[in-house]
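Here is a short note to read alongside the sequence and the model. Take the points in order, with the structure open beside you.

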Amino acid sequence: MSNQTILEVENLTVNFDVSSEGDMPWTKAKKLQAVNDISFSLSAGETLGVVGESGCGKSTLARAIVKMVPAESGKVVWLGNDLLGLSHSEARQYRKQIQMIFQDPLASLNPRMNIGEIIAEPLRTHYPKTPESDVKARVRDVMHKVGLLDNLVNRYPHEFSGGQCQRIGIARALILKPKLIICDEPVSALDVSIQAQVVNLLMDLQEEMDLALIFIAHDLSVVKHISTKIMVLYLGNMVELANSNDIYQSPSHPYTQALISAVPIPDPNVEKNKELILIEGDLPSPINPPSGCVFRTRCQKAQDICSQQKPEYKEVATSHSVACHFND
Amino acid sequence: MIVANKNKIKDMADNLSESGAGRSLWKDARIRFMQNKAATISLFILLAIVSFSFIGPYFAVWSYEQIDWNAMGSAARVGMPSIESGHFFGTDDLGRDLYSRVIQGTQISLMVGVLGASVAVIVGTLYGATSGYLGGKTDQIMMRIVDILMSIPYMFVLILLLVVFGRSIGMLFIGIGLLSWLDMSRIVRGQTLNLKNMEFIEAAKVTGVSDFKIITRHIVPNLLGIVAVYATLLVPGIILAESFISFLGLGVQEPSTSWGALIKEGAGTISYETEWQLLFPLAFFVVSLFCFYFIGDGLRDALDPKDR
């Protein structure tokens, strides 16, 4: 595996305008901070796991990287080029290097197209002059790669199971030989045994093609299995970023600690004696986030300083940074 | 024995590995449609009527504008339906052959209905899909234009157009085509709003497919179900509108005719005991409309998203 950095995200911020009901047209819309000041970098062959509860901005982060939602500020540097500064047509050539896999396997496939057409679409879009026989060969090739029989090309998505549909989605993402695949909760709609198959398939493909992955999930055990680095998000803010093992062995942020204590262990004896850190209360509104540290309203360690100052990202160990006042 | 079996198994394996054609949603829908007896029978009757309007003229003895001077003015006594005189459906008051005129009327009415509906479908689908897909301000402006056009009374404008610019089939097309796509665009826009947030549209966007291709390749094919249903219901609506206009005496021009014009003439002379002048065109009219509605109904059931 090479260690060349391919993607660098710097201080990425995404806001949405929210107008509440009864507002006049000239009333200024409220800002919803979906993603706030996130930075990370990713090398070829690496996997970044992104975890956090619903509504914390995981998917928005992914969509901002591929420019599906406009970013407020920040940079997305892809192989030395800032994608956010590029126009639509200039960004097009980078699109073939970044592909995406979606949460709902069936909904991500056009029900009126057959599998062959679906998988070939990115190829036909970016290389419209490819001869038909080459397209067919490439489709067959990529179908073998994801473990689908190539005699299924003429079938339609509704004739497949969820796991197969997800394989089709992966095949579509792979056909252009991308360098980065963003997986937006690719396994959360599948049952556990199929989850394992799909995750292992992704890992095999990663090794074979030297892919970088951004893997979004809310299931920590799945993320642990696949990731080299893990980022924990809370209310659009990054609270902890570290290597996969570090985050499991020495979680530094109180939120991460609580998340990890909630992962069930498949051993009744250990599970019974485990100390569970419960987080009280609900996620605060992202339209009106708490001052200072966003987690302070639910944090057990919260003190005065937490509401006054926003914690900086500090390196507590090599490549392990945390946003908390009580870590040195 | 064992060898034979092995061969059989090998054959089977070969068969399996052939890329079998999948069953598309259209194929499924066709099978469901065929199971609907009323719709299938209606389709056959309609096809029979259409083919009759093309084959029928070869059996006609009289052309649709030729006057049988024997029957003129005495249609009630001489012009009744009979095979010997060659007037299979009788004659009208002027002595013209009703068989030929019904065929002519069928051709015109169906043409107006089908062409009018196709204009409405093509314009309405593209307009609605574009408006719904682009969203935002474009959507607002495009839909307000539809609102304004919708608020103009349809019949009134049509009648005015025909009065001001003279009666002609062309004008009738323009008048009907101009206004009948409005409902279509509304329906399509609503459906597009649903579709455009589906993940497969997002997948296409991430891949870098252009907006135009997304509309034509991903949105429109998924709209066709609802469009097909609406189109089959639009055809009888337009035929009715044309018949109404013709009934008022503003539609097609003599010697051409349409169902509405024929029904009007037939209704006018009903007191002279020439009821065939009303009944033949009316029967064609009513049966065809029923068929269109049954087909529309069958299509709706066949393409119902609940069954997918």
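**Notes on the model**

1. Let us begin with a cysteine: A:Cys299 has a relative accessible area of 17%, so this residue is buried (under 20% relative accessible area, with over 50% called exposed and partly exposed in between; 1.4 Å probe, protein chains only). A:Cys299 is in no disulfide (a pair of cysteine sulfur atoms within 2.5 Å), and the nearest cysteine sulfur, in A:Cys324, lies 6.0 Å away.

2. Before going on, a word on conventions. This is a predicted model, in which local features need pLDDT of at least 70 and side-chain atom pairs count only at pLDDT 80 or more, while totals for chains, interfaces and linings use all residues. Residues are numbered from 1 along each chain as its sequence is written, chains are lettered from A and ligands numbered from 1 in the order in which they are written, and side-chain values use heavy atoms, leaving out hydrogens and water.

3. How many disulfides does the structure hold over all chains? The count is zero. A:Cys293 is also buried, at 10% relative accessibility. Its closest cysteine sulfur, in A:Cys306, is 5.7 Å from its own, too far for a bond.

4. Now look at the sheet in chain A. Strands (DSSP runs of E, at least two residues, numbered from the N terminus, as are helices, H or I, at least four) line up here as β2-β1-β4-β5, an open sheet with antiparallel pairing. β2 (30-43) and β5 (81-82) of chain A are at the edges with a single partner strand each, so one side of each has no neighbour in the sheet.

5. Inside that sheet, β1 (residues 5-18) and β4 (residues 73-78) of chain A pair (at least two DSSP bridges) in the antiparallel sense through five bridges. A:Thr13 is opposite A:Ser73 in β4(A).

6. Chain B is built from eleven helices and zero strands. Of its 308 residues, 46% are buried.

7. Which residues have the most contacts inside the largest nonpolar core? They are B:Ile214, B:Ile219, B:Leu223 and B:Ile239, in a core of 68 residues. Such a core is a set of buried Ala, Val, Leu, Ile, Met, Phe, Trp, Tyr and Cys residues joined through side-chain atoms within 4.5 Å. Helix α9 (residues 211-247) of chain B gives the largest share, 14 residues. A second, separate core has 60 residues, including A:Ile101 and A:Cys293.
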